[in-house]
Amino acid sequence: MVTIQLLPYDEISGLTSIGRIRKLLNIAKQDKIVLLQGRLDKAEEAELIKATMEEINKEFKGIELAVIQPQTSGAFLGGVASFLLGNRSGMTVIGPASIVKKIKKDPNKIELFTQENKKRKR
Amino acid sequence: MEWLKKLWSKVNFWSVRQNFKLGLYGPPNSGKTTLANRICVDWLGTELGSVSPIPHETREIQVKESIVIKNKDGKELQFNLVDTPGIATRIDFEDFLKHGMNEKTAKKRAREATKGVIDSIKWLDEVDTVIVVLDSTMDPFSQVNVTILGNLQARNIPVLIAANKVDLRRSKIKRVEAAFPQYPVIGISARTGKHMTDFYEQLFKLAKR
């Protein structure tokens with residue numbers, strides 16, 4: 001069975017970078033797939049990978065990670081959307097590697113393949 | 001005299017940067033060490049590190065200092081080459097067992113590989129210019145690639161994407177170009193040396209930025 005936890009951006013907006021990373025990683029370590037409304041910034045993404053590596057052990061094999069950004073029709077509109085929404089735009093998927101085999105991504109969609117039955121979930 | 005040289009290099013817009021740290025970044029098995037070896041053999045006559053079809057062969061940062069390359073106009077470019085372990089979000093020792101390793105060796109490799117990824121990320125603050133080496137036979141839209149490029153952009157580090165393994169039939173450079181249109185992309189084969197002359201010319205252009 002796969003458990004998906006939806007996480008509104010408000011739940012991490014008040015946290016420090018370290019706090020956000022810890023929260024996301026802790027959920028993934030509970031064998032849940034996190035669907036975060038919004039995204040981390042680039043430095044936080046790199047820190048998330050670093051923190052993941054520090055946590056890897058016999059049980060926890062790491063994560064699969066994908067961020068999807070909404071397409072905007074131009075640089076100006078994209079800039080405005082980014083200014084208004086900040087990191088709340090887009091969506092982030094984080095899943096434990098023991099459950100998520102692969103997240104296939106193109107700019108407009110995310111496909112998530114699980115380890116258990118290797119069938120496409122979405 | 002040293003300060004005068006530094007001042008001249010700052011006001012001389014036509015000069016290329018010298019003695020910078022050139023980092024090779026990318027996911028595991030994209031050919032970073034093969035490219036590092038190619039550069040070292042071409043200009044120094046010796047290799048830098050070992051390569052293997054098993055992922056995470058490079059698990060420590062490797063630096064080769066004072067590599068001097070020349071372009072067709074006779075201009076020289078000097079840099080320190082930094083070969084980094086591949087960045088990944090998952091490392092499972094059981095994956096190494098499939099390559100015929102025993103459990104003890106596989107676990108050791110996995111442990112070293114996690115440390116290697118951490119070191120690679122730490123070194124993002126140390127490098128001045130970066131070649132992101134991608135396997136052109138693989139899907140370029142992986143989050144690791146996006147995260148590496150995003151972090152380099154945030155640090156204002158000049159980037160060239162080397163779409164490696166163009167000697168393989170499954171290679172699709174157009175797919176890499178389409179994925180990252182804001183970056184210069186050059187198709188190469190570090191293994192066979194294909195397009196390496198063009199690669200070195202691009203390196204000179206990159207060093208001017």
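Biologist: At what angle do helix α3 of chain A and helix α4 of chain B pack?
Modeller: In this predicted model, the two helices are residues 42-55 of chain A and residues 103-122 of chain B. Helices here are DSSP runs of H or I with at least four residues, strands are runs of E with at least two, and both are numbered from the N terminus. Axes are lines fitted to C-alpha atoms, for helices over the stretch in contact, and angles run from 0 to 180 degrees between N-to-C directions. With the axes 9 Å apart, the packing angle comes to about 155°.

Biologist: Good to know it is a prediction; what pLDDT do local features need?
Modeller: Residues are numbered from 1 along each chain as its sequence is written, while chains are lettered from A and ligands numbered from 1 in the order in which they are written. Totals for chains, interfaces and linings use all residues, side-chain atom pairs count only at pLDDT 80 or more, and for local features in this predicted model the requirement is at least 70.

Biologist: How confident is the model in chain A, as an average pLDDT?
Modeller: pLDDT is the predictor's confidence in each residue, from 0 to 100. Over residues 118-122 of chain A it stays under 50. In chain A, 79% of the residues score at least 70, and the average is 85.

Biologist: Back to the helices: how are α3(A) and α4(B) oriented to each other?
Modeller: Angles under 35 degrees count as roughly parallel, over 145 as roughly antiparallel, 65 to 115 as roughly perpendicular and the rest as oblique. The angle here is about 155°. α3(A) and α4(B) are therefore roughly antiparallel.

Biologist: Which residues of α4(B) make that contact?
Modeller: Two residues are in contact if their C-beta atoms, placed from the backbone, lie within 7 Å. α3(A) brings A:Ala46, A:Ile49, A:Lys50, A:Met53 and A:Glu54. Facing them, α4(B) supplies B:Thr114, B:Val117, B:Ile118 and B:Ile121.

Biologist: How many nonpolar residues does the contact of α3(A) with α4(B) have?
Modeller: Ala, Val, Leu, Ile, Met, Phe, Trp, Tyr, Cys and Pro count as nonpolar, Asp, Glu, Lys and Arg as charged, and the others, Gly among them, as polar. By that division, this contact has 1 polar and 2 charged residues, and its nonpolar residues number 6.

Biologist: And how are α3(A) and α5(B) oriented to each other?
Modeller: Helix α5 of chain B spans residues 143-154, and the axes of α3(A) and α5(B) come within 8 Å and cross at roughly 130°. The helices are therefore classed as oblique.

Biologist: Which residues of α5(B) take part there?
Modeller: From α3(A) come A:Lys42, A:Ala43, A:Glu45, A:Ala46 and A:Ile49. By class, the contact of α3(A) with α5(B) has 4 nonpolar, 3 polar and 2 charged residues. The α5(B) side consists of B:Thr147, B:Gly150, B:Asn151 and B:Ala154.

Biologist: Which element gives the largest share of the side of chain A that touches chain B?
Modeller: The contact takes 20 residues from chain A and 16 residues from chain B. On the chain A side, α3, β3 (63-68) and β5 (100-106) give two or more residues. The largest share, 9 residues, comes from α3(A).

Biologist: Now the sheets: which strands stand at the edges of the chain A sheet?
Modeller: Strands pair if DSSP finds at least two bridges between them. The open sheet has 4 strands in the order β1-β2-β4-β3, with mixed pairing. Each edge strand has a single partner, so one side is left without a neighbour in the sheet; the edges are β1 and β3 of chain A.

Biologist: Which residue in β4(A) is the bridge partner of A:Val34?
Modeller: β2(A) and β4(A), residues 91-96, pair in the antiparallel sense over 4 bridges. A:Gln37 stands opposite A:Met91. For A:Val34, the partner is A:Ile94.

Biologist: What is the strand order in the open sheet of chain B?
Modeller: β1(B) (20-25) and β3(B) (76-83) pair in the parallel sense over 5 bridges, whereas β2(B) (62-70) and β3(B) pair in the antiparallel sense over 7 bridges. β4(B) (129-135) and β5(B) (159-164) pair in the parallel sense over 6 bridges. The 6 strands follow the order β2-β3-β1-β4-β5-β6.

Biologist: Which residue takes a positive phi in the hairpin of β2(B) and β3(B)?
Modeller: In β3(B), B:Val82 is the bridge partner of B:Val63. The hairpin has 5 residues between the strands, and the residue with a positive phi, near 90°, is B:Gly74.
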